[in-house]
Amino acid sequence: MEASISETFRNRIVLVTGSTGFLGKILIEKILRSCPIKKIAILVRSKKGFNANQRVADIYKQAVFDRLKVENPDFTDLIKIIDCNIEDSSMGLTTVDRDWIVENVNFVFHCAATIKFNETLESASKINIQGTEKLLSFVTQMKNLKGFVHVSTAYSHCPRDEIKEQYYPVPITVKKLKNMSGVDDSTPRVLEDWPNTYCFTKAIAENLVLINGIHLPMSVFRPSIIGCTKSEPDPGWLENMNGPSGIVAGVMTGFLRTVPIVRNKITDIVPADYTVNALISVMWDTVNRYQNSNLINQEPKVYNYVSSVESPLVWGRYIEEMQDHYHEAPPLQSTWYIFYVFYTNLWIGKMLRFVLHRIPATLMDFWLIVCGKSPKFLKMYVKTEFMMDLLYEFTTRQWKFDNSNIRGLWSLLSQDDRNAFWFSLEEFDWTSYIKIYFYSIRKHVLHEELSNVAKATVKNRNLQLSTRYPLFVVEYFTVDTPNAVSVTIMAKVRRSFD
Ligand SMILES: NC(=O)c1ccc[n+]([C@@H]2O[C@H](COP(=O)([O-])OP(=O)(O)OC[C@H]3O[C@@H](n4cnc5c(N)ncnc54)[C@H](OP(=O)(O)O)[C@@H]3O)[C@@H](O)[C@H]2O)c1
């Protein structure tokens, strides 16, 4: 009989890359809280004048570790910080650290990556492809390796409409990509149908795992869009404005008034704590698969961790339920009463942006200049609209995912393991999660405490009154827009005036 998930980690040494990132922090917190490990080695690079130790000391102060500080006050004794930059030759590891890892490490979670959609191809390749290649070659030297899980993304093969738990061909080999000179001039040609360098390089990195992992205990884990935590270590932990969080923050503050979204398309969000539980369970499965079978010629298994198969959530419901909570606790920093128009047609989008973003921004900048201050609004809109354009593919399209391997894995878990590492998204309660998510964005992205709600509500009421007439005009002219141009105006704005 197989050991439980936590027993699999008893007295073992775990190595994590990307531990200073969003997913990495939740992962190390959960491992330290729920698994009786001997040590967790984290590979951290020096950055902005701070060395790895200084950076990690700062990270422990974050709220995500508060629960751990209570439940296991000596948790830092279990952490070994290792200076490492996966872009450097030999990953920047000292010989001593390298030897220690080769002799001791049992499990490797590879989370490090650049997730910027607008990264240059050269830079994204260095981190996501060549970094993975170096790690893989290092992993093959580890004498006591029991499992390696490579964290990819459910969108690595987003040019396809249907994404199964399998490897797909990529348009270029790693070697060819490395040898290309002036690679960034030819980026669009190299990328073919991929919308950004992030997904493209993640797709290529997966195939490296395939090539290197045939005889090894390896797996590829593909989560979709990782949202705030549902319950662990606390509900609603979040630290970035990526994807849907940034859109909601922009809409709630009245800054974003027009967004490229198709209301009835699926937004595939998965909670961060469930994601980490699934990731740890994938490691458990990888170890068991390797122990129980002859892995010769067996491909590293791929796991699509998505919500759309069991509990699909559409953009319209996500934004509208967020808006319900906006009325309970609007942000104090709002510049306008909430109002937004969805579009998909790019020309319509340009017009809407001109009217709803650029003209007000120009007027506000003019006012700042009159007051002797530096203009900023137009610049902010140019930047934000650029970021929205990068998300266009993901807010206006949906994919058909297969997650049989993840569902199969869930069926293998004992009840105790399920309770400790819950990740099933069957009949997921989106309504309560969206509420948690709203307050999480308010707190962690907009940095507003609930103590300001009374003040914010008064301000919001005033904003509502001052924008009453312009909104009626916009609604009057757009209400009969034909469906073909996919403009959706939020009727709730009008109801809230009644
Ligand atoms: N967030 C999502 O919605 C999402 C969805 C699907 C898949 N994923 C995957 O999940 C993984 C983690 O993503 P995340 O959201 O946690 O990203 P993140 O917050 O940007 O964290 C990225 C991590 O990678 C590290 N890293 C980047 N370049 C490095 C280098 N050259 N050497 C060493 N470390 C380096 C970063 O270290 P520094 O702190 O030094 O920069 C950071 O710890 C990625 O593989 C990503 O593709 C994320």
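**Group meeting: a ligand shell and a helix pair**

Okay, hi everyone. The protein averages a pLDDT of 90, and 92% of the residues score at least 70. Keep in mind that this is a predicted model.

Now, the ligand. How many residues surround the ligand? There are 27, and the closest are Gly18, Thr20, Gly21, Leu23 and Ala113. If you sort the shell by class, you get twelve nonpolar residues, eleven polar ones and four charged ones. And where do they sit? Helix 2, which is 22-34, helix 6, which is 121-139, and strand 8, which is 225-227, each give the shell at least two residues. Helix 2 has the largest share, with three residues.

Last topic: two helices that pack together. In general, you describe a pair like that by the angle between the axes and the distance between the axes. Here, helix 11, residues 272-292, meets helix 15, residues 404-412, at about 80 degrees, and their axes are 11 Å apart. So helix 11 is roughly perpendicular to helix 15. Who makes the contact? On the helix 11 side, look for Ala278, Ser281, Val282 and Asp285, and on the helix 15 side, Ile406, Leu409 and Leu412. By class, that contact has five nonpolar residues, one polar and one charged.

That's my bit, thanks!

How values were computed
Residues numbered from 1 in each chain as written. Predicted model: local features only at pLDDT ≥ 70, side-chain atom pairs only at ≥ 80, totals over all residues. pLDDT = per-residue confidence, 0-100. Near = placed C-beta within 6 Å. Helix = DSSP H or I, 4+ residues; strand = E, 2+ residues; numbered from the N terminus. Nonpolar A, V, L, I, M, F, W, Y, C, P; charged D, E, K, R; others polar. Axes fitted to C-alpha atoms, helices over the stretch in contact; angles between N-to-C directions. Parallel < 35°, antiparallel > 145°, perpendicular 65-115°, else oblique. Contact = placed C-beta atoms within 7 Å.
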